[in-house]
Amino acid sequence: MINRLAVCLIVVLLTGIIHGQETFKGNASYYSDKLHGRKMSNGQPYNRDSMTCAHRKLPFGTMLKVKNLKNGKEVIVKVTDRGPFSRKFIVDLSRAAARQLDIIAAGFSMMEFTVLPKTGIPYKMLAEDKPVPPLLDLDEPPAYFFENER
């Protein structure tokens, strides 16, 4: 009986870990402008205008929702680098993300970080994207189906 209960408890805990969203709090700073254009740990050049961040352990490509606890502003960033290397900070944000979170003047702020699932970012249609045409109504076949029958 105890073994079954232990197994059930482990399964429930693992299911919660796998399907749940990890949330943690801590200070975030932002990259210096002099790093613009330099190669990050993932091999790509840092762009201060992109919505990216550095984290010591999260895998590259992980999407984080970052919420400024002082003003409630939120952004979504992608982990593309390693750091920060000061234990006072959990994440280094790009300048664009820091600007949207309104921490440029202060230099850092207390944030809440939520690891988003792989499918957590909805598709946003860009202006140059064309909407998908409607599907054909198959109740009435198009006239060209009958052109060769005459």
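Guide: A residue is called buried under 20% relative accessible area, exposed over 50%, and partly exposed in between, with a 1.4 Å probe and protein chains only. This is a predicted model, in which local features need pLDDT of at least 70 and side-chain atom pairs count only at pLDDT 80 or more, while totals for chains, interfaces and linings use all residues. Residues are numbered from 1 along each chain as its sequence is written, and side-chain values use heavy atoms, with hydrogens and water left out.

Visitor: Which helices and strands does the protein chain have, and in what order do the elements run?

Guide: Helices (H or I, at least four residues) and strands (E, at least two) are DSSP runs, numbered from the N terminus. The protein chain has two helices and six strands, and from the N terminus on the order is α-β-β-β-β-β-α-β.

Visitor: How much of the protein chain is buried?

Guide: Of the 150 residues in the protein chain, 26% are buried.

Visitor: What is the largest nonpolar core made of?

Guide: A nonpolar core is a set of buried Ala, Val, Leu, Ile, Met, Phe, Trp, Tyr and Cys residues joined through side-chain atoms within 4.5 Å. Here the largest one has 18 residues, and Leu64, Val66, Val77, Leu93 and Met111 have the most contacts inside it. At least two residues of this core come from each of E1, E3, strand E4 (74-81), strand E5 (91-93), H2 and strand E6 (108-115). Contact means heavy atoms within 4.5 Å. Beyond its neighbours within four places in sequence, Leu93 touches several residues in this sense, including Ala28, Val66, Val77, Ala98 and Met111.

Visitor: How many salt bridges does the structure hold, and which residues form them?

Guide: Side chains of opposite charge can pair when their charged atoms come close. A salt bridge is a side-chain nitrogen of Lys or Arg within 4 Å of a carboxyl oxygen of Asp or Glu. The structure holds two salt bridges. In one, the side chains of Asp33 and Arg95 meet at 3.8 Å, N to O. Asp33 lies in the loop between strand E1 (23-30) and strand E2 (52-55), and Arg95 in helix H2 (residues 95-101), so this pair ties together parts that are 62 residues apart in sequence. In the other, Arg99 pairs with Asp49, their closest N and O atoms being 4.0 Å apart. Arg99 belongs to helix H2 and Asp49 to the loop between E1 and E2, so parts 50 residues apart in sequence are tied together.

Visitor: Are Arg99 and Asp49 buried, partly exposed or exposed, and what are their values?

Guide: Arg99 counts as partly exposed at 46% relative accessibility, whereas Asp49 is exposed, with a relative accessible area of 52%.

Visitor: What does the side chain of Asn68 join?

Guide: A polar contact is a pair of N or O atoms within 3.5 Å; within protein, one must be able to donate a hydrogen and the other to accept it, and residues adjacent in sequence count only if both atoms are side-chain atoms. Asn68 lies in strand E3 (residues 63-68) and is buried, with a relative accessible area of 2%. A polar contact of 3.2 Å joins its side chain to that of Ser109.

Visitor: Which backbone atom lies 3.5 Å from a polar atom of the side chain of Asn27?

Guide: That atom is the backbone nitrogen of Met110. Asn27 itself lies in strand E1 and counts as partly exposed at 22% relative accessibility.
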